[in-house]
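Me: I've got a model open and want to talk through its fold and surface. Can you take my questions one by one?

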Amino acid sequence: VIRCRAAVAWAAGKPLSVEEVEVAPPKAGEVRIKIVATGICRTDDHVLEGCFPNVDFPVIPGHEGAGIVESLGEGVTSVKPGDKVIPLCLPQCGKCSFCLNPESNYCVKCHVSEPQNLLPDKTSRFTCKGKPIHHFLWVSTFAEYTVIPEYALAKIDAAAPLDKVCLLGCGFPTGYGAAINTAKVKPGSTCAVFGVGGVGLSVVMGCKAAGAARIIAVDINKDKFAKAKELGATDCISPRDFKKPIQEVLTEMTGHGVDYSFEVIGHADTMTAALASCNMNTGVCVIVGVPASGSVISIDPMLLLWGRTWKGTLLGGWKMRDSIPKLVSSYLEKKINSDLLITHTLPIAKVNEGFQLLRAGK
């Protein structure tokens, strides 16, 4: 058993508490990892607010990390102690009908099919003050050590800087892949990105990499615009600067609406606006932002009848175990630069300050 620090969420609506926890050794098919770095993603904030579905408290959140294999359970063959790895908040078991479908990146072991609050044997490897603590998406990167099933891990290049590539565990591939894989943005096209936080900026990078001619960043926080332009946005607009709905503004700017729109906020009203802002016949709108549990959207079906496509994306459409090592290689070859998304680096003791910066749009 390893004793280490972890940021524990004891209940919804409460700040995280940095505690000493015990992390039990891995059982068959599991791997214990020393987490070196973790990002803070909006999904973790949804957990703290109590609006992420099917999470049990107390829990150790965090799902965007990178680390080093410390020990193996029986039967693990794909990694060995000392290997650098990225834990996967979307597993790839390799055996279910989704994993066997080349066009799918879902897996039935995912949290949506069966909650990942406990490891597959329905027990926890974490205890604190004598109480069992729940896992989050089997990943729980807000702990210095964590235990994860082998099929929720990707072994990466030994040269990768873990404090940088941790972003490739969720935020960057989600946004970048939404443009490249889900929308399949074509060269010369026009795109609109609603919300340019870390994931929205990754969408901007994906649109640029795909050869989009015009990329319009839409956000009420104008502090985001300089970074958006640095990463490839050609225009930046705030809905607060106009008296008319933003979809009308975008339609006027582009003639008939954009070719591709991306909603990277997670609000029902911006999802509808993003759909309406793309061209009525061949426009593609991708939902990237995670809405609060129980959200409902009401739309005029005519928005779809003329031919628009409305779709969601799950972690950017990547089969995670197959794709994350390749994305890390692209990072090392300087084909992608996710470093520009990093704004602050804090010790785990200041994790609550990190969430304050996230909520303030900083």
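Predicted model: local features only at pLDDT ≥ 70, side-chain atom pairs only at ≥ 80, totals over all residues.

Me: Of the contacts between residues at least 6 apart in sequence, what share joins residues at least 24 apart?
Reply: The chain's secondary structure comes to eleven helices and 15 strands. Counting contacts between residues at least 6 apart in sequence, the share that joins residues at least 24 apart is 70%.

Me: What radius of gyration does the chain have, and how does that sit with a compact globule?
Reply: The C-alpha trace spans about 65 × 40 × 35 Å along its principal axes. For 362 residues, a compact globule would come out near 21 Å, so the chain agrees with that at 20 Å.

Me: Which elements do the buried residues of α8 pack against?
Reply: Helix α8 covers residues 268–276, and its buried residues are Thr270, Met271, Ala273, Ala274, Leu275 and Ala276. Those buried residues pack against β10, α7, β13, β14, α9 and β15.

Me: Is Met302 buried, partly exposed or exposed?
Reply: Met302 is found in helix α9, residues 302–305. Buried means under 20% relative accessible area and exposed means over 50%. Met302 has 38% relative accessibility, so the label is partly exposed.

Me: Which residues form a nonpolar patch on the surface with about 430 Å² of accessible area together?
Reply: For scale, the chain exposes about 15,700 Å², with carbon and sulfur atoms supplying 55% of that. The patch with about 430 Å² together is made of Met280, Met302, Leu305 and Trp306.

Conventions: Residues numbered from 1 in each chain as written. Heavy atoms only, no water. Patch = residues over 30% accessible without salt bridge, like charges linked within 9 Å, V, L, I, M, F, W, Y side chains within 5 Å. Areas by Shrake-Rupley, 256 points an atom, 1.4 Å probe, with all protein chains shown as cover. Salt bridge = Lys/Arg side-chain N within 4 Å of Asp/Glu carboxyl O. Helix = DSSP H or I, 4+ residues; strand = E, 2+ residues; numbered from the N terminus. Buried < 20%, exposed > 50% of the residue type's maximum accessible area, 1.4 Å probe, protein only. Rg over C-alpha atoms; globule rule 2.2 N^0.38 Å. Contact = heavy atoms within 4.5 Å.
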